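Subject: Structure handover

Hello,

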Amino acid sequence: MAQRASVPPRVHRVLVARSGPKLKRKKKLRYEDITVVDRSLLKRAVGAAALGNAMEWFDFGVYAYIADTIAEVFFPPTVSPGVRLIGTFGAFTAAFLMRPLGGLVFGPLGDRIGRQKVLAVTMIMMAIGTLCIGLIPSYSSIGVWSPILLVVARMVQGFSTGGEYGGATTFIAEYSPDKRRGFMGSWLEFGTLSGYVLGASVVTGMKAWVPHETLLDWGWRVPFLVAGPLGIIGLYLRLKLEETPAFQKHAEEAEKRGRTGEPFWKMFTDYWPALLICVGLVLVFNVTDYMLLSYMPTYLSEQLHLDATHGLLLIIVVMVVMMLIILVGGRITDKVGRKPVMMAGCVGYVVLSWPLMLLVHDGGLVLTFLGLMGLGLLLLCFEVSMPAALPALFPTAIRYGALSIAFNISVSLFGGTTPLVMQSLISATGHDFWPAWYMMAAGVVGAIAVYFSRETANKPLWGSGPAVASEEEARALVRESSTG
């Protein structure tokens, strides 16, 4: 269990958080004010949180890579392939309509009863939703009920994931030492990429080796049915976790005051600037995320008529390269800060989206890969920064709720709708460069949000004391504060 440093208290003046990431002199730091993080618990917490994200993006990878098959299975053959794809992405988008509702329910609940309990519930609900997709009969069997049930299953997924990312980032951030929060948070996005790569690889292998008729008949179901065992494993890991040190301390202090938590409305009246910044940061992060991971497989095959297997393999290779870099990127944000890395990504999308999409659109196989790789490297600027930057925007009492609500509103409006909006715009106008324009606009919004945010690297989370990795680091921190 995370513990308080056990050395007899000594009192010194120190800079501590007052009303946010901005630091002011307020009180004296004692050894017992410092949280010494248990390394084994930290590893378990990071692993369990990352597994949930991996499972969520395993589903996204499968859905994105098998979207053309799903369109044939769940929609009537009498409509055009483009319309069927719009229907398929419409079902994909339906999940995102439920995410704000899931955030409204699970987020504040996580601030009241604890992060660990809520994350266990979201894990099993995600598994059930994905499993149900694999069990739905085809359009040829039950007609219009087939796409209706697909939308219902996606909505169950969306409701559960509404509490997943905000909870997972909060959980890792509250368990991590201040100086390693970027590195630890990057494991969450490592889970994202690994889940996506696994799902995409399974589908690519099936498309390469399984006859198309078999894939339409039953083969497409296999990746979705895998969610059952994964969900049981993830649930077991999360049930074995302890609550975060920050929440434990907050709960103890709230009990002493006779209060169970902050009134729900206070996050909108007192913390609306942080909510707006969060929405802006999540917008640029998720537009680029869903553009590359969820829409590009369809764009390559349907718009550019690239061989399906080649296009899928290109994006998988891009994801693998990103996995090899992401943990190093997390360490970099601990050294140089989150803001410079995020701003570099925003500027990069404004300046480079058009030339990179030119490579994707007009180049051969090699140039297409270089264009996709460029987009992936820009996406990494957010993958390595956001899991640490977003939880630091809010105090402990409302962190899970505020982050879940702001995150899911932004994802629902701008991120999850990206494949549907892109396919609709391209179908309506006949122009293939909407992805570049969309990412450029997202980069502008993201740059504004980064500009108004505060740097939080190597600082305690809002509402918490310092968190360190060892007793020696705790002693050094107090010695340093006594001379500063």
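This is a predicted model: local features need pLDDT of at least 70, side-chain atom pairs count only at pLDDT 80 or more; totals for chains, interfaces and linings use all residues.

Leaving aside its neighbours within four places in sequence, which residues is Gly401 in contact with? They are Gly107, Pro108, Asp111 and Met267, where contact means heavy atoms within 4.5 Å. Gly401 itself sits in helix α19, residues 399-415. Its relative accessibility is 0%, so Gly401 counts as buried; buried means under 20% relative accessible area, exposed over 50%, and partly exposed in between, with a 1.4 Å probe and protein chains only.

Residues are numbered from 1 along each chain as its sequence is written, and side-chain values use heavy atoms, with hydrogens and water left out.

Overall fold. The protein has 22 helices and 5 strands, taken as DSSP runs (helices H or I, at least four residues; strands E, at least two) and numbered from the N terminus. Its radius of gyration is 23 Å, close to the 23 Å from the globule rule for 484 residues, so the protein is as compact as a globular protein of that length. That radius is taken over C-alpha atoms, and the rule is 2.2 Å times the number of residues to the power 0.38. Along the principal axes, the C-alpha atoms fill a box of roughly 75 × 45 × 40 Å. Of the 484 residues, 57% count as buried. Among contacts between residues at least 6 apart in sequence, 84% join residues at least 24 apart.

Core. The largest nonpolar core holds 123 residues, and Met319 and Leu390 touch the most other members. Helix α14 (residues 272-303) supplies the largest share of this core, 18 residues. Such a core is a set of buried Ala, Val, Leu, Ile, Met, Phe, Trp, Tyr and Cys residues joined through side-chain atoms within 4.5 Å. Not counting residues up to four places away in sequence, Met319 touches Leu193, Tyr196, Val197, Leu292 and Leu293.

One backbone detail. Asn458 is not a glycine, yet has a positive phi of about 65°. Most residues other than glycine have a negative phi. Asn458 lies in the loop between α21 (434-452) and β5 (467-468), and is partly exposed at 36% relative accessible area.

Regards
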